[in-house]
Amino acid sequence: MGDLGRVPFFQDAGIDFALFAPRLHWRRFVTGEVLIDYEEKSTDVYFLVAGEVRVLVRTQAGREIILDDMRAGQFFGELAAIDGVGRSANVAALTQGEVCVVPAHVFRDIVLSSPVVTERLLRLLAQRVRELNARLTEHAILDLRHRLYAELLRLSVPRNGHPGELVISPPPYHHVLAARIGCRREQVTREFTTLSRDGIVERTRGALVLRQPEVLRDRVSNAMREVG
């Protein structure tokens with residue numbers, strides 16, 4: 001059994017988790033396991049202690065739309081815990097791992113017991129709404145090329161020791177990027193061929209390097225202005 005107080009979301013929040021421990025459930029999962037199914041009526045919150053999961057929506061035709069990938073330290077399921085409505089997405093395991101399952105009423109008790117955690121939750125929800133708005137705007141007005149640029153920038157972080165460059169590690173598969181921006185894998189592959197040829201991106205061992213992220217930012221900004 002782990003200690004929920006070590007999860008980044010709860011660190012330095014002044015919560016005595018010994019009071020809540022008897023009401024928490026720790027469980028392991030295997031690769032490919034579905035932890036949450038779309039529209040199911042469960043309301044537990046899952047804190048990811050180890051492993052990786054994917055948040056996605058599957059259409060009736062079998063198409064997958066990837067919303068996010070999550071790693072240890074993150075959590076999911078909080079919306080149903082707050083409003084009691086059916087799940088808004090599927091969550092499937094990309095690797096084996098472990099979660100701490102927190103019943104909805106316990107999650108609310110924990111959050112409301114600490115103003116620090118309440119503030120963190122409000123900020124997190126605001127951040128997710130802003131990210132969702134950005135993606136909806138991109139899907140509505142940008143072509144697939146510029147949606148790809150925006151997604152690469154969103155997934156990347158600064159590259160250590162290389163000022164001005166960004167990196168995505170591990171490098172995303174083309175079919176995953178296609179599912180994130182709503183197109184076919186072949187279209188993503190064609191765009192990467194052009195980006196690599198122009199020296200804007202480079203695939204290295206274990207990473208995708210954005211050599212000229214400012215070029216991608218400028219292209220996205222210009223495309224937004226042209227549509228506006």
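Reader: How many bridges join strand S4 to strand S7?
Author: 4 bridges join strand S4 (residues 52-58) to strand S7 (residues 90-93), and the two run antiparallel. Strands here are DSSP runs of E with at least two residues, and helices are runs of H or I with at least four, numbered from the N terminus. Two strands count as paired if DSSP finds at least two bridges between them. This is a predicted model, where local features need pLDDT of at least 70, side-chain atom pairs count only at pLDDT 80 or more, and totals for chains, interfaces and linings use all residues. Residues are numbered from 1 along each chain as its sequence is written, and side-chain values use heavy atoms, leaving out hydrogens and water.

Reader: What is the bridge partner of Arg 54 in S7?
Author: Ala 92.

Reader: What is the strand order in the open sheet of 4 strands?
Author: The order is S2-S7-S4-S5, with antiparallel pairing. Strand S2 (34-36) and strand S5 (64-71) each have a single partner strand, so one side of each is left without a neighbour in the sheet. Neighbouring strands are turned by 30° against each other on average, direction ignored; the axes behind such angles are lines fitted to C-alpha atoms, for helices over the stretch in contact, and angles run from 0 to 180 degrees between N-to-C directions.

Reader: Which helix lies across S4 and S5?
Author: Helix H5 (residues 174-181), running at about 110° to S5. Contact means heavy atoms within 4.5 Å.

Reader: Changing topic. How much space lies in the largest pocket?
Author: About 1600 Å³. A pocket is an open set of points on a 1 Å grid over the protein atoms alone, where a 1.4 Å probe fits, with protein on both sides within 12 Å along at least five of seven lines; lining residues have an atom within 4 Å of a point. Grid points are joined across faces, edges and corners, and the volume is the space filled by probe spheres set on the points.

Reader: Which residues are closest to its centre?
Author: Of the 48 lining residues, Leu 67, Asp 68, Asp 69, Met 70 and Arg 180 are the closest. The largest share of the lining, 8 residues, comes from H3.

Reader: And Lys 41, buried or exposed?
Author: Lys 41 is exposed, with a relative accessible area of 68%. Exposed means over 50%, buried under 20%, and partly exposed in between, with a 1.4 Å probe and protein chains only. Lys 41 lies in the loop between S2 and strand S3 (45-50).
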